[in-house]
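Hello,

Here is the structure I promised to pass on to you. Please have it open while you read the notes below.

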Amino acid sequence: MFILFDYTDANGKNDIKEWTLGLEKRERAKLNAKLDMLAKLGSDLFPQVLTGTPTPGILKLRVKGKVQLRPMLCKGPIDHEKEFTLLIGAKECGSQFVPEKADEKANVRKQIIIENPSRRCSHERIS
């Protein structure tokens, strides 16, 4: 089993939770199913479910549906063997990330966590 974490901003607000609350119930259910698989299988997820991005070290979780969810995450970054950290909630529209450059923004957040591990919290599941 892998441990999942969520990025928190400088005020301690869980950005992943806020993004997830803005999704429709069906989208949240699909996202939760993929996150459950990630926690169980890690990088051994089915091909094309956990894939790379143009930014090295940043992964996207591919959740298909009416809206193409693409939360950005990384292995670790504290313990690369046992954890993943969700960095930014994103969608993909016409091969473009929304928000724009979500992978680059996720990488900035990853660096913040490396410098200050308290800038994340245990993943909060939203049903």
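What follows is a short tour of the salt bridges.

Please keep in mind that this is a predicted model. A search of the whole structure turned up 8 salt bridges, and I describe some of them here.

Asp 36 and Arg 125 form a salt bridge through their side chains, at 2.5 Å from N to O. Asp 36 sits in helix α2 (residues 25–41), while Arg 125 lies in the segment after β9 (120–122), 89 residues apart. As for accessibility, Asp 36 is partly exposed at 38%, and Arg 125 is partly exposed too, at 45%.

Another pair brings together Glu 92 and Arg 70, whose closest N and O atoms are 2.7 Å apart. Glu 92 counts as buried because its relative accessible area is 18%, under the 20% cut-off. Arg 70 is buried as well, with a value of 5%.

Finally, have a look at Asp 15 and Lys 13, where the side chains meet in a salt bridge of 3.9 Å, N to O. Here Asp 15 is buried, at 17% relative accessibility, whereas Lys 13 is partly exposed at 40%. Both residues are part of a network of salt bridges that links them with Arg 109.

Best wishes

How values were computed: Residues are numbered from 1 along each chain as its sequence is written. This is a predicted model: local features need pLDDT of at least 70, side-chain atom pairs count only at pLDDT 80 or more; totals for chains, interfaces and linings use all residues. Side-chain values use heavy atoms; hydrogens and water are left out. A salt bridge is a side-chain nitrogen of Lys or Arg within 4 Å of a carboxyl oxygen of Asp or Glu. Buried means under 20% relative accessible area, exposed over 50%, partly exposed in between (1.4 Å probe, protein chains only). Helices (H or I, at least four residues) and strands (E, at least two) are DSSP runs, numbered from the N terminus.
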